[in-house]
Number of protein chains: 2
Amino acid sequence: MDAVILASGLSKRMGTNIPKPLIRLLGLPIIEHTIRKLLAKNYRVIVVYHKKEIANYLRKRFSGIILIYNPEPERENGYSLYLVKDHVRGDFLLLMSDHYYGDKFFEDVKRHNRTTIYVSKFVHDAEEATKVKVRGEDVINIGKGLKDYDYYDTGFFYCKYDIFSYIDKLVKTRYKISISDIILELSKDKRVGYYVVEDFWFDIDTKDDLRVAEKFLERNLIKKEDGIVSRNLNRKISIPISKILVRYDVFTPNLITLLSFMIGIISGVFFLVKKYILAGILAQISSIIDGCDGEVARIKAMRSSFGAIFDAVLDRYADVFIMASIAISYGFSLLTSIILALAISGTIMISYTSHMTKLRPKFMSRDVRLFLIMIGSLLTILNKNLLLYMLFLIGIFSHIDVIFMIFRKKKAI
Amino acid sequence: MDAVILASGLSKRMGTNIPKPLIRLLGLPIIEHTIRKLLAKNYRVIVVYHKKEIANYLRKRFSGIILIYNPEPERENGYSLYLVKDHVRGDFLLLMSDHYYGDKFFEDVKRHNRTTIYVSKFVHDAEEATKVKVRGEDVINIGKGLKDYDYYDTGFFYCKYDIFSYIDKLVKTRYKISISDIILELSKDKRVGYYVVEDFWFDIDTKDDLRVAEKFLERNLIKKEDGIVSRNLNRKISIPISKILVRYDVFTPNLITLLSFMIGIISGVFFLVKKYILAGILAQISSIIDGCDGEVARIKAMRSSFGAIFDAVLDRYADVFIMASIAISYGFSLLTSIILALAISGTIMISYTSHMTKLRPKFMSRDVRLFLIMIGSLLTILNKNLLLYMLFLIGIFSHIDVIFMIFRKKKAI
């Protein structure tokens, strides 16, 4: 299906020289988020633009996007839509270039039998939002100034091709045409329905909107499975890094996974040669970078089941190498062998059991394990053996976590 | 919903004194398989019997089954059905006590709006089978002697309560009434539909039928994930053991999992004290018993997601303990530490990766690992170090398996 993004607005309220669709949110231009989500779902993307910076950026960044120049942006977004009439090939999605849409918008698209407005009960700035009044299954009124309304227009539309016959009529009589004007015409013939989307969205008009959206989206990158160290420390560092990495296509999520793994291996080598402090810091850096692959994948709509498995397996190998290196660095004895066996089996069993039970470990998630290894490494300044004891504790608590997960699973059934 | 099992047949063709429903298939009476599958799906089970052995057995084995005595079994199975009229509470399933039904029969039950015969294109003994002729969605004829037919009657029916008004009429005019007679009456009013089941079923009438079913069901217990040792050796021993264990309720699948685990731990203890041959044999016995928990769970319709997780976690712990014990028994050195780390991480990683990728390991499934450990243990007669080298090989090939699974997953996407 085709998807049309309107990017020829003239809004000046942001107070910068950068065209609004190119303003960065989580490191990517607002319009790029929408384009990536559409391309991930195999839409053919059409962008109507006025400022040449937008066309230049999109040409550089994507291939296969259809760019249509709007010489008269002052005629408003309904006129922009009019310009794509000869380019779309049937039903299509219509989206705004200054909106950020949550993932569910793109997952929820169904075939509708008439033009359909995706609406929401929620909005960040109710004053500025376009309101929608419905009756039964029909949209009966739309506009910014409505006093009596049911939903907010999210700026996401499923359009039937017949919308153009209505636009044709309007174009003949008016200079300025808004999307709302078109919807109103359609609604007179009961040709507009609505669909309530259960996800967040942002219309970015001001610097304040941008700040609110950025904060919200950053929080949204923190997974509910995150352990205490990840939530309070690692994410605070990994998210700013990811916001830079997303600008460069070379940093695919899988490459970042590999980088984090390699830092883990280097950390292990330093443990082997007993450079504990450096090794411990590298382990913690590896743990932080380990957050970036998932963040970049989510920001760039590149999540894949392979990526998740690749990450999980390499994480385990880095853990095993680091822990084996620590134990081996303390020489060979019954004690080090037992700690080695406990720590290695614990670190993999915790992930395996968590994967099977779909439960989270209470104590020894990976962020906590690697953080404790760093702490143990730093403590070698006081007493060389403290790192070995730390490894022992990590091993013991990992197995306690495994047993807890089994019991919680048993209780849940 | 209610489920009625007719168990008052008088068939003598088996040539034993045991009533046919009590003849054992995979260690359990034929009727018990059906009852367990029904109870697992929360049906209220009603059994119509004539021979007191049946009632005695079912009373001893199950509580909450409704037993209805049929004093006139010679009036055939339609009359047996007549006797449950005042006991069923609406629509019900009707099943035969001398049939073995595959699991899908019970999974596929839907609400039908008229009495429905579950039919199949396949049958073991076409001559003895009841045939069904259909037209459109209606059953138009049924009987053993039909020359022109479309399906075989599997002896599994979804009955609407109105079936009893047809039986009432027949009872007034005939002494003997078969299910087919009743279906024919219903079909005159277009009150019978059919549903094609995609699973196997057996009507056990002769010793030959029993042999065929037993062979088929035994093969069916072998999982497609089974490794080469399991398929060719372990299952040949575990299945006969399971057929005995199913007779005793104390041997729940989880208890058998625990027994197999404990034998593994005892094996590990013997490895620690360098009783390699005994330890190796115990490891292999543990591996064989490890097959029984799943077999018993399948035979007794007791499979559970907790049981699968419990088994998987305990298997990993037994593996880790056995492998750590072997490595430690060879003293403490860089070599034994590396082999320890390789083997422990390999054995858990293989299961973890297999679980995530949904792929099977090519070389080192658990049956193969434990079998090779036994071989290595026996080889200590020739050279004490051969077991350590075997452990090294198991570790290396486990990791090769992990890498292969990752690449196969990558290719599959």
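Which does Lys133(A) count as, buried or exposed?

Mentor: Lys133(A) counts as buried, because its relative accessibility is 19% and buried means under 20% relative accessible area, with exposed over 50% and partly exposed in between (1.4 Å probe, protein chains only). This is a predicted model, in which local features need pLDDT of at least 70, side-chain atom pairs count only at pLDDT 80 or more, and totals for chains, interfaces and linings use all residues; side-chain values use heavy atoms, with hydrogens and water left out. Residues are numbered from 1 along each chain as its sequence is written, while chains are lettered from A and ligands numbered from 1 in the order in which they are written.

The partner of Lys133(A) is Asp150(A): the two form a salt bridge with closest N and O atoms 3.6 Å apart, the term meaning a side-chain nitrogen of Lys or Arg within 4 Å of a carboxyl oxygen of Asp or Glu. Lys133(A) sits in strand β9 (residues 131-135) of chain A and Asp150(A) in the loop between β10 (138-143) and β11 (151-159), so that the pair links distant parts of the chain, 17 residues apart. Strands (E, at least two residues) and helices (H or I, at least four) are DSSP runs, numbered from the N terminus. Asp150(A) is partly exposed, at 24% relative accessible area.

Now the pairs in chain B. Asp205(B) and Lys20(B) form a salt bridge with 2.7 Å between the closest N and O atoms. Asp205(B) is in the loop between β13 (201-203) and α7 (207-221), and Lys20(B) in the loop between β1 (2-7) and β2 (24-25), so this bridge ties together parts 185 residues apart in sequence. Both ends are buried: Asp205(B) has 10% relative accessibility and Lys20(B) has 9%.

Asp168(B) and Lys85(B) also meet in a salt bridge, at 2.7 Å from N to O. Lys85(B) is partly exposed, at 25% relative accessibility.

Over all chains, 68 salt bridges are found. Some form a network in chain A, linking Asp290(A), Asp315(A), Arg316(A), Asp319(A), Arg366(A) and Arg369(A).

As for the two chains, a 180° rotation with 0.0 Å of shift along its axis superposes chain A on chain B, with an RMSD of 0.1 Å. The copies are therefore related as by a two-fold rotation axis; the superposition is by least squares on the C-alpha atoms of residues with pLDDT of at least 70 in both.
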